[in-house]
Amino acid sequence: LTSAGAGAQPAFEASAKIGDAGQIYLTGDYLIDGTAAANLTANLTAYNNTAYGSALLSVSSGTITFARTGWYHLIYQVSAAAYSGAGRAMSAIIGKSTDSGSNWSSIAYSDGEGTDVSDKFNICVHLIADITNVSTEKFAMRYTTGVADKVVLYGTGQSVTSFTAIRIGDT
């Protein structure tokens, strides 16, 4: 925000690529069947704002790659339902790798649960992240459930289960 002096209206200065956005979303339902932490790897596609010349996000086998460094608001949204029994719980995890996807850590998560068969629930995880190296820093939509829990994640070709990145500043 700048000003041209006393009495002048304040104005916003243009900032390179602020507001750049991209989204990875599930195109079809995804069944989670009692597993330890893992990445979503199938039925994923990218939707990008290309106003800054190229796509911000790409995805391959569940590994999300950013095209540009910067500060980002990351949002991982899950729409799910208990499957085959009651009391089905899961954690939605924003995963990060600093070695190009060889090893993953949890950098933010939230939990959800369906208490009866087919109960629907939503989980939303937010994180502000500074991405400084697009070659080695990778992200993933991760999850975990209890050993016997089955949960279906909804994917309709819309952003019901999705990972959104909005660029909010320079590194």
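**Exercise 1. How many helices and how many strands are there in the protein chain?**

Solution. 
Step 1. Note the source: this is a predicted model.
Step 2. Count the elements. The protein chain has zero helices and 13 strands.
Step 3. Read along the sequence. The pattern is β-β-β-β-β-β-β-β-β-β-β-β-β.
Step 4. Turn to the contacts with a separation of 6 or more. Residues 24 or more positions apart account for 74% of them.

**Exercise 2. In which sense do strands β5 and β6 pair?**

Solution. 
Step 1. Locate the strands. β5 covers residues 57-60, and β6 covers residues 63-66.
Step 2. Find a bridge. Serine 60 has threonine 63 in β6 as its bridge partner.
Step 3. Inspect the turn. Two residues lie between the strands of this hairpin, and serine 61 takes a positive phi near 50°.

**Exercise 3. Find the salt bridges and state whether their residues are buried or partly exposed.**

Solution. 
Step 1. Search the whole structure. Three salt bridges turn up.
Step 2. Take arginine 68 and aspartate 20. Their closest N and O atoms are 2.5 Å apart. The pair links distant parts of the chain: arginine 68 sits in the loop between β6 and β7, aspartate 20 in the segment before β1, 48 residues apart.
Step 3. Apply the cut-off: buried means under 20% relative accessible area. Arginine 68 has 11%, so it is buried. Aspartate 20 has 0%, so it is buried.
Step 4. Take glutamate 137 and lysine 96. Their side chains meet at 3.1 Å, N to O. Glutamate 137 lies in the loop between β10 and β11 and lysine 96 in strand β8, so the pair ties together parts that are 41 residues apart in sequence. Glutamate 137 is buried, at 6%.
Step 5. Take aspartate 170 and arginine 167. The closest N and O atoms are 2.9 Å apart. Aspartate 170 is partly exposed, at 43%, whereas arginine 167 is buried, at 6%.

**Exercise 4. Which side chain of opposite charge is nearest to arginine 142?**

Solution. 
Step 1. Arginine 142 is in strand β11, residues 138-145.
Step 2. The nearest side chain of opposite charge is aspartate 99, 10 Å away.
Step 3. Apply the cut-off: a salt bridge needs the nitrogen within 4 Å of the carboxyl oxygen. Arginine 142 is buried yet has no salt bridge.

Terms used:
Residues numbered from 1 in each chain as written. Predicted model: local features only at pLDDT ≥ 70, side-chain atom pairs only at ≥ 80, totals over all residues. Heavy atoms only, no water. Helix = DSSP H or I, 4+ residues; strand = E, 2+ residues; numbered from the N terminus. Contact = heavy atoms within 4.5 Å. Buried < 20%, exposed > 50% of the residue type's maximum accessible area, 1.4 Å probe, protein only. Lys, Arg positive; Asp, Glu negative; His and termini not counted. Pairing = 2+ DSSP bridges.
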